[in-house]
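Subject: Handover of a structure for your study

Dear colleague,

Please find below the structure that I am handing over to you. My findings follow it.

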Amino acid sequence: MSDDFYQDMAETAVEMIDEFGAPGTIRRETPGTGPDYDPGEPTITDHPAVMVVTAFSSREIDGTRIRASDKKALIAPNLTIEPTVSDKLVTPDGAVMSIVNVEVVRPATTTLLWKLQVRA
């Protein structure tokens, strides 16, 4: 398939998440720049993201890898960073959640969607 097809799909994903989602942030904490024994205060940067946060279906919950209290966050692909498990997700209602797993839907070279498993 052509890159134009995937670009169209990415634009559709952005439109759908913009319509049904809400603004939140990916919070990245960068350690202080001092020596190892006293690195200083970390720098916290919030990167805007539009997201849809939902519960996992009961068939996805296994009690170990995915807990009943975990949430699934679908994030529009137009982020300024790539989320990692060391980042936090600030949901539209202000809850700060740890990112447990990051999955990117990226056929070819075009990111269509970020799927995050998050936990309070």
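Which residues does Asp 87 touch, not counting residues up to four places away in sequence? They are Ile 26, Arg 27, Arg 28, Ile 81, Glu 82 and Ile 99. Touching, or contact, means heavy atoms within 4.5 Å.

Before going further, please note that this is a predicted model, in which local features need pLDDT of at least 70 and side-chain atom pairs count only at pLDDT 80 or more, while totals for chains, interfaces and linings use all residues. Residues are numbered from 1 along each chain as its sequence is written, and side-chain values use heavy atoms, with hydrogens and water left out.

The chain as a whole

The chain has one helix and six strands, and along the sequence their pattern is α-β-β-β-β-β-β. Helices (H or I, at least four residues) and strands (E, at least two) are DSSP runs, numbered from the N terminus. Along the principal axes, the C-alpha atoms fill a box of roughly 50 × 35 × 25 Å.

Of the 120 residues, 32% count as buried. Buried means under 20% relative accessible area, exposed means over 50%, and partly exposed lies in between, with a 1.4 Å probe and protein chains only. The chain exposes about 7,500 Å², and carbon and sulfur atoms supply 52% of this area. Accessible areas come from the Shrake-Rupley method with a 1.4 Å probe; for residues, only the protein chains shown count as cover. Among contacts in the chain with a separation of 6 or more, 54% are accounted for by residues 24 or more positions apart.

How the strands pair

Two strands pair if DSSP finds at least two bridges between them. Strand β1 (residues 22–30) and strand β2 (residues 43–55) run antiparallel and are joined by nine bridges. Within this pairing, Ile 26 has His 47 as its bridge partner in β2, and Arg 27 stands opposite Asp 46. β1 is also joined to strand β4 (residues 88–90), by three bridges in the antiparallel sense. There, Ile 26 stands opposite Leu 89.

β2 pairs in turn with strand β3 (residues 71–75), antiparallel and over five bridges. Val 52 has Leu 74 as its bridge partner in β3, and Ala 55 has Lys 71. Five bridges join β3 to β6, and these two strands run antiparallel. Here the bridge partner of Leu 74 is Lys 115.

The nonpolar cores

A nonpolar core is a set of buried Ala, Val, Leu, Ile, Met, Phe, Trp, Tyr and Cys residues joined through side-chain atoms within 4.5 Å. In soluble globular proteins, nonpolar side chains tend to be buried together.

How many residues does the largest nonpolar core have? It has 13, and those with the most contacts inside it are Ile 26, Ala 49, Ile 75, Leu 89, Leu 116 and Val 118. At least two residues of this core come from each of β2, β3, β5 (96–105) and β6 (113–119). With three residues, β6 gives the most to this core. A second, separate core has six residues, including Ala 10, Ile 17, Leu 112 and Leu 113.

Leaving aside neighbours within four places in sequence, Ala 49 is in contact with Ala 22, Pro 23, Gly 24, Thr 25, Ile 26, Ile 75 and Leu 79.

Is Asp 87 buried or exposed? Asp 87 counts as buried because its relative accessibility is 2%. Asp 87 is placed in the loop between β3 and β4. Its C-alpha atom and that of Ile 99 are 12 residues apart along the chain and separated by 6.3 Å.

Thr 54, for its part, is in strand β2. Thr 54 counts as partly exposed because its relative accessibility is 32%. Leaving aside neighbours within four places in sequence, Thr 54 is in contact with Lys 71 and Lys 72. The C-alpha atoms of Thr 54 and Lys 88, 34 residues apart along the chain, are separated by 16 Å.

Yours sincerely,

A colleague
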